[in-house]
Amino acid sequence: MNTIATSTPTPVVARAPAVRACLVELRCELLKLLREPAYVLPAVLFPVLFYLLFGVMLSGMGAPPAFLLAGYGVFGTIGATLFGVGVGVANEREQGLLRLRRALPAHPLGWLLARTLAAMGFSLAITALLAIVGSTLGGVSLPMSGWALLFVVNLSGVLPFAALGFLIGSLVGGNAAIAVVNMLFLPMVFLSGLWLPLTMLPDFFARLAPVWPAYHLGQIAFKVVGHDAGGALWLHLLALLVPALVFAHFAWRRLSSR
Amino acid sequence: MKRWMDAVAAGALVATLVASVLLLSPANGRDSAPATARPPVDGFAIRGARVFDGERDLGIATVVVRDGRIAGVGADLAVPEAMAVVDGQGRTLLPGLIDAHVHAWGDAQRDAARFGVTTAFDMHGMPERAQALRTQRESLAATGQADLWAAGYAVTAPGGHGTQYGFPVPTVEADTDVDAFIGARIDEGADFIKLIVEDLSAYGTARRLPTLSAEQVTAAIAAAHARERLAVVHVSTLEDGRHAIASGADCLVHLFADAEADAAFVTAMRARDAFVVPTLSVLASVAGTGDGAAIADDAHLGGLLTAEQRSSLAARMHGGAPDPGTLARALESVRLLHAAGVDILAGTDAPNPGTAHGASLHGEMALLVRAGLGNAQALAAATALPARRFGLSDRGRIAPGLRADLVLVDGDPLADITATRAIVTVWKNGHPVARDAQVGTSAAALVPAAQTLVGDFDGDAITAPFGSWQPSTDRMAGGNSDVAHELVHNGAQGTTGALRIHGEIRPGFAFPWAGMTFMPGTEPMEPVDMSGREALVFQVRGDGRRYSAMLFSGPTMQGMPSTQTFVAGPEWTEVRLPLADFPGADPALLRAVAFTAGQPAGGFEFFLDQVELR
């Protein structure tokens with residue numbers, strides 16, 4: 001007969017304060033990323049280098065400088081988010097850190113929020129660098145409200161792609177995540193008209209562009225600089241919101257089921 | 001429960017993707033029937049040109065024009081993607097030029113606009129047209145004519161200068177109440193008061209004309225000012241100029257020919273903030289220096305002159321032996337006045353002998369540079385300065401909100417003032433101005449705007465209320481394609497007939513074509529001003545092939561056509577192609593509209609009906 005356990009009080013699961021936990025998570029996440037210059041530098045500099053090449057040096061190709069500035073801002077935001085969140089989650093899940101986290105008293109949302117905020121930090125840096133290069137070398141002039149709107153679009157654009165990143169990270173391992181993100185990211189930004197206007201692509205691709213979330217975020221950014229294709233803003237927002245919720249739903253299901 | 005939520009989520013994702021493609025596909029408008037294409041963005045932008053805004057050089061900048069007005073000017077102004085863009089690289093954009101001294105009748109306003117002069121000041125004429133001129137210059141409608149501000153009848157003495165032109169002119173006699181006389185001119189609609197003080201004594205001839213007395217000049221200027229009108233004065237001697245300025249004249253509309261300006265005169269001009277329109281063009285004609293003939297010989301200007309303008313430029317004012325001193329003294333006076341800070345305005349006195357509307361203003365600017373003005377100052381003398389001194393607030397500069405009167409020229413007049421002559425395009429009220437010397441005088445160009453139908457194909461022959469229909473194939477370019485056409489019964493929407501066009505596209509030319517062409521002019525490929533029309537609208541049915549509508553336009557017949565495509569399906573369908581969507585086309589110089597089949601090779605058949613330019 002075993003009577004030892006019966007008198008033990010039921011352990012109370014005590015969680016740390018949510019905001020503080022988030023901030024600690026965010027600090028750790030940023031520290032971790034900053035210690036990986038091989039990730040940070042390409043993520044931040046590639047959009048700017050691409051913009052310098054296509055938007056400044058080859059500016060005679062016909063795409064307006066402000067169009068390219070907006071496009072490369074969205075491109076950088078999506079890249080930093082998918083790689084940061086998607087590959088990051090996949091790695092941690094593979095290393096068993098996820099299981100460890102479940103045993104910790106921190107709120108699980110803090111961990112997700114920290115990754116999302118870190119991606120926003122990257123987006124902020126990319127957009128700021130592009131704004132500096134665009135307004136000086138690229139000759140782009142926008143009213144202050146235009147610059148501010150571009151920042152808002154890119155920062156909030158992190159959310160749907162963070163959801164997609166979580167889904168990818170929940171589905172595949174670390175190495176596979178890099179491959180999956182690459183396979184998805186590069187064709188998506190290209191076929192969404194973020195590098196070159198869709199009018200330069202065959203009709204078929206232009207017609208299918210709205211299946212990509214990147215297209216809708218791009219169109220919102222292009223609206224800011226007056227170069228969008230004319231769709232209603234609320235339709236683009238809806239086309240970003242629904243996939244974001246669906247991706248988040250499935251990611252949450254996958255992550256919480258193990 | 002969880003499975004149920006997954007199904008809803010997946011369903012929502014699929015529904016969103018499908019709806020996105022259906023609702024937001026950017027290619028939808030491009031490839032479906034052109035009738036449903038996105039409406040064109042109104043207006044246009046000029047990009048890459050150096051912009052001289054009337055006062056200063058803005059460097060390379062973009063200028064956006066909407067609804068006949070300048071909507072924006074800036075180094076990197078965002079241009080909406082669907083907006084037509086005019087390439088300004090290597091070119092300079094100027095405000096529409098202003099000639100501050102003309103006498104406008106006949107085709108003057110059209111002649112002026114052709115050379116980039118979009119506004120002029122008429123210094124003596126009949127006042128009956130005052131209201132019409134006012135309506136015209138307040139309108140933003142498409143026009144190939146310069147706007148006019150007019151003095152109406154100039155103020156002169158019985159038998160004096162200004163009475164010799166064949167129309168009765170009220171004159172100031174010894175006992176005339178000058179104040180009431182000026183009031184009558186203003187009641188007639190005079191925009192400003194022009195006085196003529198001229199007895200011919202400046203020209204070394206014995207003949208004398210009666211003219212206004214010094215007291216009458218003083219009284220007339222005071223009467224104009226009492227009614228808040230500018231008083232501008234024609235003089236030809238330094239003494240008359242001195243008296244006019246002392247009496248408070250705002251402006252001398254000629255420089256005197258008898259002497260150089262002296263220090264006292266320059267000081268008086270400066271002290272009273274008076275300005276001067278030296279009219280060096282007509283003084284050069286008086287001097288017999290051949291400047292008018294040089295304008296006619298100019299490679300850029302000569303081809304745009306009418307026969308009348310040509311003969312006027314070849315003629316000479318006053319005759320006699322050439323006296324280059326007349327021009328030299330005037331140039332020196334301009335130099336002194338300009339150095340003292342007196343405003344110098346460009347004016348030609350066209351169409352006097354040795355001058356021509358429009359063309360001579362380019363010569364005037366060059367003469368001003370000869371007299372010591374900088375290139376920018378000479379350009380300002382023909383743009384911002386006359387607008388400011390005459391109180392015209394809606395023109396003379398390139399700035400947001402102002403009327404889109406613009407001149408795009410090749411090269412840089414800030415480096416070489418004669419570059420103003422290499423005009424690429426003139427816009428009046430935001431519409432390109434037809435620049436062929438014959439445009440506006442031919443019968444086809446007078447097509448009433450209400451006449452939109454150019455082919456109903458209901459009669460026994462293919463006719464149009466203006467212009468003509470012709471078959472057209474690549475054989476004229478060395479190809480082998482064939483076309484035939486005939487009138488058939490049962491047109492679109494139950495009309496009697498339609499035009500059947502059929503044939504075969506055969507390889508043998510890089511861009512094979514065959515079809516029918518509508519030419520709006522009386523002569524083949526003669527340009528007609530269709531800038532007021534918005535779209536090519538027609539009914540079509542056929543074999544399901546994709547066909548092209550090609551617009552031939554522009555200053556020469558050799559220009560590449562601008563093309564939009566449409567599909568001819570089995571049922572009659574209305575196709576509407578906005579003229580603004582034909583890239584690079586210039587409806588102000590429309591030469592032909594072709595409906596053609598092209599690649600791939602093979603037989604084709606389509607039917608046209610109810611073709612409209614509306």
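Which residue of chain B forms a salt bridge with Arg253(A)? Before I answer, let me say that this is a predicted model, in which local features need pLDDT of at least 70 and side-chain atom pairs count only at pLDDT 80 or more, while totals for chains, interfaces and linings use all residues. Residues are numbered from 1 along each chain as its sequence is written, chains are lettered from A in the order in which they are written, and side-chain values use heavy atoms, with hydrogens and water left out.

The partner is Asp6(B), and the closest N and O atoms of the pair are 2.5 Å apart; a salt bridge here is a side-chain nitrogen of Lys or Arg within 4 Å of a carboxyl oxygen of Asp or Glu. Across the interface of chain A and chain B, the rule finds 1 such bridge.

Turning to the interface itself, 35 residues from chain A and 26 residues from chain B take part in the contact, where contact means heavy atoms within 4.5 Å. The two chains bury about 2,500 Å² between them, with 60% of it on carbon and sulfur atoms; buried area is the accessible area (1.4 Å probe) that two parts lose on being put together, summed over both. On the chain A side, Asp203(A), Arg207(A) and Arg253(A) lose the most area to chain B, together 22% of what that side buries.

Finally, away from that topic, Leu82(A) is in contact with residues that include Phe161(A), Leu164(A), Val181(A) and Met188(A), once its neighbours within four places in sequence are left aside.
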